Each structure stands twice: as structure tokens, then as C-alpha cells.
Amino acid sequence: MIADLRTGSLAALAGLDLATAGRLRVLLNYHEPVEALAVAAGRCRPHPAVKRMLTPDLKSAWSASVERRDATEWAVRCSRIGVGAVTNADADYPDVLRHDPQPPAVLFFRGQWAALEARRVGVVGTRNATGPGCTFAATLGAQLAAEGVAVVSGLAKGIDGAAHRGVLRADPRRAVGVVANGLDSPYPRQHRDLWNAVADTGLLLSEWPPGTEPEKFRFPQRNRIIAALSEVLVVVESRERGGSLTTVREALERGVDVMAVPGSVNNRAAAGTNQLIRDGAVPVTDVGDIMLALGLDHRHAASSGFDPRPLPRGAEAIVLDRCRVDPCTLDTIVSELGLTITDAAMTLARLERSGWVRESGGWFEEVSSCPASR
Amino acid sequence: MLASIPSATVLGVRGCPVTVEVFVGNGLPGYTMVGMPDAPCRESRERVRAALASCQFAWPSRNITINLAPTSTRKSGAGLDLAIAIGLLVATEQLPAAAVAGHAFIGELGLDGTLRKVSGVAPMVDALDAVDVVVPVENALEAHVAARGTPRVATDLAAVVACLIGSREWHTFPVHLDLAMREALPDLSDVRGQPVARHALEIAAAGAHHMLLIGSPGSGKTMLAQRLPGLLPPLERDHSLETTMVHSAAGMKLPAGGLLRYPPFRAPHHTTSAIAMVGGGSQQLRPGEVSLATNGVLFMDELGEFARPALDGLREPLEEGVVRVSRSIGRAVMPARFLLVAATNPCPCGGGPPGSCQCDDHARSRYLRRLSGPLADRFDLRVVVHRPNVDDLLGAEPGESSAVVRERVVAARAVALDRAGKLNAALTPDELDEVAPLAVDARSVLREEIERERLTGRGYHRIRRVARTIADLSEPGQPVVTLDHVELALSMRASLRGPAMADSRWIA
């Protein structure tokens with residue numbers, strides 16, 4: 001990408017102190033980006049509508065911070081990391097956002113806008129997800145992508161990341177990530193590879209210029225963009241109060257259908273999704289439910305049904321059945337099934353090695369289907 | 001006139017003989033004390049003066065010089081009072097020098113001449129060989145523990161003088177060193193359910209393996225740890241003496257009979273400073289918690305809440321079994337060979353089944369970082385403790401008692417000592433090859449764990465040590481470590497990684 005002064009000006013503008021989406025929208029409605037930067041710096045006469053907005057406080061804040069943000073410098077920086085920027089005036093700016101009640105004034109992006117041309121489903125959920133929750137999110141992601149549906153998510157740990165890993169496995173062009181910090185530094189850092197893969201093959205969006213830190217207040221604002229870009233929002237796992245429920249609220253305000261994956265009543269990570277279902281959200285038990293909500297014919301390719309894991313026998317089968325009910329501990333196995341500690345430990349170790357259960361912090365969970373088989 | 005009286009002070013856990021030299025000469029009446037006394041020691045002048053007067057002795061109105069030799073070591077505390085008083089009496093010829101020959105004196109004086117107890121009498125008496133040591137009656141037990149002969153016991157200065165000149169017999173003090181009552185310890189049968197944690201305690205006791213208990217609040221970590229000393233056998237004679245010395249030096253109360261015959265249990269609070277953990281102090285070199293726990297159990301509840309320096313201070317004792325403390329006032333090597341049991345929550349919110357953690361990632365990784373690293377590597381056993389289920393809590397019959405388990409522990413320890421001359425936790429990798437050969441299938445399982453990067457080189461040796469202990473407990477005399485021993489050892493080595501960090505491992 002060639003260093004582009006327009007992008008540079010937008011990056012400089014979006015990072016000004018007190019530059020909210022609303023204020024930037026007014027400014028950019030009446031001025032071209034390069035000119036808008038001059039207006040903010042006080043070097044150019046503002047349009048009367050902009051002038052009304054420019055209180056003395058705002059004026060001094062902007063002219064002070066413009067000093068520290070040079071458009072050319074930002075243009076070079078953006079081009080080096082392959083970040084572009086669009087506003088309402090650009091053809092690439094997503095149409096759904098033009099009609100949004102709180103559209104972002106500037107969208108920074110890496111990747112291809114073509115990703116948004118497909119049907120779009122938001123898949124979100126908690127960061128502290130259970131193993132089965134993540135597996136299911138990954139399965140949904142893969143199946144939706146295979147059906148040609150774009151998956152919008154936040155690239156966070158847990159459900160978000162798992163959904164996109166699924167997409168990348170099936171059709172990497174269908175991944176749309178919306179993040180809450182600058183596009184120059186992956187966050188969370190463990191998702192660097194995922195982040196780059198989405199930027200390379202799909203589309204990665206942010207409302208904020210490169211260099212922006214992932215501060216707490218940005219996440220709910222980011223969630224509104226996920227909700228706005230989705231036609232259907234699927235919540236895979238969420239606690240009673242969680243960030244994904246702010247996405248749900250934004251989706252409901254925009255008339256986006258909300259669907260939720262039911263979970264065990266013992267699973268605290270599913271308390272929020274079960275509550276959503278009780279409140280009327282449509283349950284999702286497989287990808288067909290989502291395709292139905294999108295109004296697409298559901299031609300779900302039958303899986304081969306081949307599972308390479310050795311079938312559990314004898315004690316292994318009994319222990320696995322117990323792990324299916326809910327996550328359990330070595331103590332539970334010993335005292336409920338009457339095995340000796342050594343037998344229980346050996347059985348669980350064999351099940352874990354063959355991929356049937358997964359251990360975390362002393363708890364054993366069933367792994368419902370083998371990741372390697374897909 | 002000159003008098004020279006043997007006494008002692010204590011530095012760390014060792015007694016240092018001190019010679020109190022008293023010179024009463026001509027010149028202006030005055031009193032000078034030299035030879036590095038600390039403040040309480042310097043104040044002895046007022047106590048000695050009053051005590052002499054109370055016991056009808058005269059205070060010389062001449063020039064008094066007191067020298068505490070060797071002058072290079074710092075003398076702390078009031079334990080030299082008695083020696084100074086006796087020295088003054090000899091130097092002023094109120095007491096014949098021949099009467100005090102062959103005696104050493106330890107004790108603090110009250111203004112009325114009473115002898116008060118001082119801490120560290122056992123190591124002091126130990127350091128003063130070949131003399132009769134006179135000690136306050138309250139320190140008689142400690143003195144008996146360390147003395148080669150019979151220590152002389154007295155209640156006040158007048159009595160000491162009377163006995164020395166032979167006008168009275170030394171007070172005889174009945175001491176039954178063999179009195180060995182085990183104080184009532186909490187019993188393992190109180191623990192309902194939790195078969196895994198109980199078994200882990202047994203393994204820790206048998207092999208002297210350091211143990212980390214990881215569990216939510218209320219899962220009974222503290223309860224379990226308190227039951228560990230009850231599973232350990234009584235101390236051997238020299239261990240018992242060593243621990244007694246440390247406790248005496250710290251001024252701790254000794255049990256009836258004087259000797260600590262059972263492993264001590266120390267549970268410092270998590271606000272304990274690094275100095276209090278490892279020992280030291282600016283006025284006096286005192287043994288820390290690691291030394292007080294020597295030959296016993298050091299229990300650190302809420303390990304993650306301890307200050308970083310306190311945790312770092314544990315490394316040397318864990319590695320070498322001693323602490324070397326250097327301060328401005330001196331240097332001391334103190335024993336610190338203990339069985340470390342620590343307890344921690346899995347994360348700041350307390351954790352629980354998968355999906356119930358409410359901590360944000362930063363808080364959790366900060367918490368785990370403090371636990372991980374060099375310290376976490378030192379634990380042979382890392383056991384996850386869960387809240388017992390309701391049925392076990394209410395209905396189940398009580399499990400085995402401490403006495404039953406202790407028998408197995410004693411048998412397993414005997415096997416290990418017989419085989420290698422040390423407990424399994426202390427086996428070196430070379431010795432492991434010799435005394436804990438792995439069965440073929442056990443070896444291949446461990447190889448797989450290492451290849452999957454779930455086991456480090458150091459972890460590999462730890463697993464083999466624990467597996468050796470498990471084998472000694474279940475099949476005493478079994479020379480080979482088999483697969484089930486190894487699997488059980490592996491299941492008692494929980495990882496400290498949070499669930500969120502683990503997820504990329506199995507999805508991609």
C-alpha cells in the first residue's frame with residue numbers, strides 16, 4: 001500500500017483527545033479528512049455546523065493534540081503495517097453501518113472488504129469458556145464458513161478465538177474480526193497467529209487508529225460494531241453478566257436476531273446463554289438452526305462419522321460416561337465409581353492420551369468430537 | 001583485683017563461650033563495659049548493682065572494668081548478668097576464687113537477685129563443655145538436654161553464692177528426659193472423602209516429598225496439611241537434639257521432658273517477612289521459621305500471598321538444608337531441613353469447576369506467575385484438592401486413622417533408608433537409575449509425556465522419586481517401578497496453567 005495522506009489524516013484525527021465517534025462524524029461530514037485535520041488544528045475555517053460543535057475546550061484540546069499527531073508520519077506508519085481507513089464517504093464503508101444509530105466515523109481495516117459481501121453471523125461468548133464450549137464454537141465457525149457464511153467475532157480468548165479458528169480451518173475468507181485496539185499490535189498476544197491469519201485472508205476492523213491500547217471502555221463500543229455487522233448473533237457461552245451480553249443488547253436495539261447455545265444447568269459458563277433462551281432467544285444446537293434463521297437452505301454435508309479415537313472399553317467407558325454428565329475430579333471418580341486411586345488415575349490418563357477427555361486444573365471434561373477428524 | 005568467669009551467648013542456633021573478665025582497680029569510682037555488648041547486655045550494670053545490694057553484698061566504690069571476651073562477637077541479651085555479678089564478687093573478694101573454679105554461669109538477674117530464664121540455654125550449655133553450668137531454674141530442662149554432666153540449678157543469686165561456698169546443697173531438679181507424651185494432634189480420620197489428597201499426604205510423609213495443595217477456599221487444604229505431622233514417625237535422637245537446640249535458641253517453650261521428640265509443625269502467616277522466614281535480625285541473630293521447622297513440617301498457607309523476598313528466601317534451604325545468614329552483627333549457619341507443604345487457590349477468585357472462574361486474565365496470570373518458576377518446580381507433589389461432595393461429608397464412614405497410615409509410612413521409610421540410606425525425595429538422578437528402574441511400559445509413557453512437552457527434565461526425576469515412594473508404600477520390596485506407580489505419580493502433578501491458556505493446545 002502506498003503511503004496515503006488521507007489515511008494518515010484519518011489516523012491522526014481518530015486519535016485526537018476528546019475525539020468521539022459523534023464529533024468525528026460531524027467534522028468529517030463537512031470536511032475532507034486532510035482539511036478536517038487543518039480545522040482541528042485551527043488552521044482552517046470550520047463549516048458553520050462544525051463551528052457550533054467546537055466549544056473552546058474542544059478547540060484547545062484538539063489543537064494541542066494535533067501538534068503531536070502528524071498526518072504524514074501516520075500515513076507512513078499505516079502503510080507499513082498495511083492498514084487502510086474508510087469513512088462514510090467511501091464506497092467500501094459497509095452499508096449496514098451507514099444506517100446504524102451509532103456508526104463509527106472512521107473504520108481502520110486490514111484485509112479484503114469482500115469478506116463482508118457474504119451473509120454474516122456473529123459468534124461471541126465468554127473468554128473463560130469450557131472445553132466443550134470452545135469445541136462447539138469452533139465447529140459452528142467451520143460449518144458456517146463451509147456454507148459460505150462470514151463469521152463476525154471479536155478475536156478474544158475463549159469462544160471468539162475458537163470460532164475463528166474453526167472458520168480458518170474451513171474457509172479463511174469468511175473471517176471478519178472486530179477488535180478494540182489499534183490494528184498494529186495483536187491482543188490478546190496469544191492470538192497473534194490468529195489475528196494475522198484473519199488480516200491476511202479475511203477482514204480485520206477497528207474503530208481506533210494503530211497504537212491504541214485495548215482499554216476497558218473500548219470493548220463495549222467494539223461490541224456494537226459486531227452486533228451491527230451481524231445478521232444473526234449467536235452466543236455460545238456466557239456468564240450471568242458478561243461482555244457478550246452487551247453485544248446482545250446492541251443486537252436487540254438494532255433488530256438483529258439473537259440465538260444462544262444451551263448448556264448444562266451445572267455449567268456456570270452457560271448461565272447467561274440459558275437465561276437468554278429463557279428470555280426468548282432461539283436455541284442453537286447445530287449449524288442448521290442458524291441457517292434456518294438466515295433463511296438459507298440447509299444443505300449440511302453429512303460428516304463421514306469417522307472418529308479415529310480408540311473406542312473406550314470396560315472401566316474407560318464407565319469413567320467416560322461419568323465425565324459426560326459434568327466435569328469431574330479424580331476424587332469423584334474414586335468415590336462414586338468405587339475404583340482405586342491408581343486405577344482411576346490410569347484410566348483417566350489413558351482416556352486423556354487417546355483424546356476422549358481433557359484435564360484442566362484437576363477437572364476432567366469429555367471432548368465431544370475429535371478435533372483431528374475435521 | 002581480677003576475676004575471669006566463663007559464660008556463653010548465642011549466635012543463630014549456636015552457643016558461643018564468652019569469658020567475663022572483671023577488673024576492680026584504683027581510680028575514680030566508675031563502671032566500664034567493653035567487648036561489644038548490645039543494649040540489654042549493657043543495662044546489666046543496673047540490674048547487677050541492685051541484685052548485689054538486695055542479697056546483702058557490697059558494690060565496690062572503685063573503678064570497675066568489665067571485658068566480654070572474645071571481643072569480636074556481639075553479645076546479646078541479659079544472659080551474662082549472673083556471670084558479671086559472680087565476677088564482681090570474686091574480684092572484690094566477697095567470694096573466694098576457688099569456689100567458682102570449674103563453673104560457668106548463665107542467667108538474667110532481677111533487681112531482688114532472682115534468676116530469670118534466658119533463651120538459648122541448650123546451645124549455650126552445649127558450647128560450654130567440661131564445666132558445671134549454673135542456670136536459672138526455669139531453664140533446667142533445656143540445660144539437661146544439652147549438658148554432658150548435671151547442670152546446677154538455682155533460683156536466685158544468694159542461693160548460687162551459698163551453694164558455691166558449700167553452706168547449702170545444690171537444688172536437685174527432677175527431670176525425666178524420657179517422658180515422651182505425644183501431644184494430641186488432629187487425626188486423619190476427621191477428613192471425610194478426598195481419597196486422592198489423603199493418599200498424597202501419605203506419599204509426602206513416606207518419601208519426604210514437598211507438596212503443594214491447590215484448591216478452592218473451603219476444600220480443606222489447611223485441614224489436610226495440619227494432619228501431616230501426625231503421619232510422621234518420631235524424631236531420631238540426633239534430629240531431636242538438633243531441633244531442640246533451634247527451639248531453645250529461639251526461646252520457644254520446650255515440651256515436657258525437654259527434648260522435641262516429634263516433628264515440629266510451623267505455619268507462618270503469609271504476612272511473615274523474609275527475615276522472620278529465614279532468620280536474622282539487626283539486634284540478634286535469631287533462627288527463622290525455616291529453622292524452627294527443621295526435621296518437621298513447614299506449612300505455608302496462601303503461598304501466593306507471601307512477599308516475593310520471603311518466597312525467594314526458601315530456595316537455599318530447600319536446596320541445601322541450611323540457611324547461611326550474614327548480618328552486620330555476625331554470621332550464622334542454621335539448620336533448615338523441612339518438609340514444605342504449601343496451599344494455594346488456583347486463581348484469585350478461588351476457582352472451581354471449568355467455566356466458573358471470574359478472574360480476568362491479568363489477575364490470574366499475575367497470581368500464577370508468583371507461584372510458578374523456581375519455587376513451583378521444587379514441589380514433587382502438586383495435588384488439586386476439591387471440595388468433598390455432600391455424601392462424603394455427611395454419610396461416609398471415617399477413613400483410616402493417622403496411626404494406621406503412620407505404620408505404612410514407617411515401613412516405607414525403613415525400606416528407603418535400608419536401600420539408599422536416605423529418603424526418596426533426596427535421591428539423585430544417578431541413584432534413581434540404580435534404585436528405581438522403570439518398567440518398559442512406564443518408561444514409554446514418561447517418554448511420551450516428555451515428547452508432548454508436558455514434563456521437563458527436572459519433572460521427570462521428580463516423577464520417578466514419587467513413583468518410587470508409591471511403590472514402596474503399595475508393594476514394599478518391589479525393586480522395579482511399574483506403570484501404575486508412574487501414572488499415579490503423574491496424576492499428582494497438576495499443572496499451574498490457567499484453563500484459558502490451555503485452549504489453543506487442543507483446538508488448533
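Author: Residues are numbered from 1 along each chain as its sequence is written, and chains are lettered from A and ligands numbered from 1 in the order in which they are written. The model is predicted, local features need pLDDT of at least 70, side-chain atom pairs count only at pLDDT 80 or more, and totals for chains, interfaces and linings use all residues.

Reader: Why is B:Arg337 called buried?

Author: A residue is buried if 20 or more other C-beta atoms lie within 10 Å of its own, exposed if 12 or fewer, and partly exposed in between, with C-beta atoms placed from the backbone. B:Arg337 has 20 other C-beta atoms within 10 Å, so B:Arg337 is buried.

Reader: Where is B:Arg337, and what does B:Arg337 touch?

Author: B:Arg337 sits in the loop between β16 (330-335) and β17 (339-344) of chain B. Helices (H or I, at least four residues) and strands (E, at least two) are DSSP runs, numbered from the N terminus. Leaving out residues up to four places away in sequence, B:Arg337 touches B:Thr294, B:Asn295 and B:Gly321; contact requires C-beta atoms, placed from the backbone, to lie within 7 Å. B:Gly296 is 41 residues from B:Arg337 in sequence and 7.8 Å from B:Arg337 in space, C-alpha to C-alpha.

Reader: Is A:Leu18 buried or exposed, and is A:Leu155 buried or exposed?

Author: A:Leu18 has 12 C-beta neighbours inside 10 Å and therefore counts as exposed. A:Leu155 has 22 C-beta neighbours inside 10 Å and therefore counts as buried. A:Leu18 lies in the loop between α1 (5-14) and α2 (21-30) of chain A, and A:Leu155 in the loop between β4 (150-153) and α9 of chain A.

Reader: What is the phi of A:Leu18, and what is the phi of A:Leu155?

Author: Most residues other than glycine have a negative phi, and most peptide bonds are trans. A:Leu18 has a phi near 60 degrees, a positive value in a residue other than glycine. A:Leu155, not a glycine, has a positive phi of about 60 degrees.

Reader: Which peptide bonds are cis?

Author: Among them are the bond from A:Tyr187 to A:Pro188, with omega near -10 degrees, and the bond from B:Ala69 to B:Pro70, with omega near 0 degrees. A:Pro188 is in the loop between β5 (175-179) and α10 (192-201) of chain A. B:Pro70 is in the loop between β4 (63-69) and α3 of chain B.

Reader: What makes a nonpolar core, and which residues touch the most other members of the largest nonpolar core?

Author: A nonpolar core is a set of buried Ala, Val, Leu, Ile, Met, Phe, Trp, Tyr and Cys residues joined through C-beta atoms within 7 Å. The largest has 169 residues, of which B:Ala85, B:Ile106 and B:Val383 touch the most other members. Helix α3 (residues 81-91) of chain B gives the largest share of this core, nine residues. Not counting residues up to four places away in sequence, B:Ala85 touches B:Val48, B:Ala51, B:Leu52, B:Leu109 and B:Leu157.

Reader: How many residues of α17(A) are there, and what span is expected?

Author: The expected span of a helix is 1.5 Å times one less than its number of residues. α17(A) has 13 residues and reaches 18 Å from its first C-alpha to its last, close to the 18 Å expected at 1.5 Å a residue. Its buried residues include A:Ile341, A:Ala344 and A:Leu351. Their cover includes α15 (315-325), α16, β11 and β12 of chain A, together with α8 (195-207) and α21 (483-491) of chain B.

Reader: Why are β11 and β18 of chain B called edge strands?

Author: Two strands pair if DSSP finds at least two bridges between them. The open sheet has five strands in the order β11-β14-β17-β10-β18 (chain B), with parallel pairing. β11 (265-266) and β18 (381-385) of chain B each have a single partner strand, so one side of each is left without a neighbour in the sheet. β18(B) pairs with β10 (residues 211-215) of chain B in the parallel sense over five bridges, and B:Gly215 stands opposite B:Val385.

Technical notes. Two residues are in contact if their C-beta atoms, placed from the backbone, lie within 7 Å.
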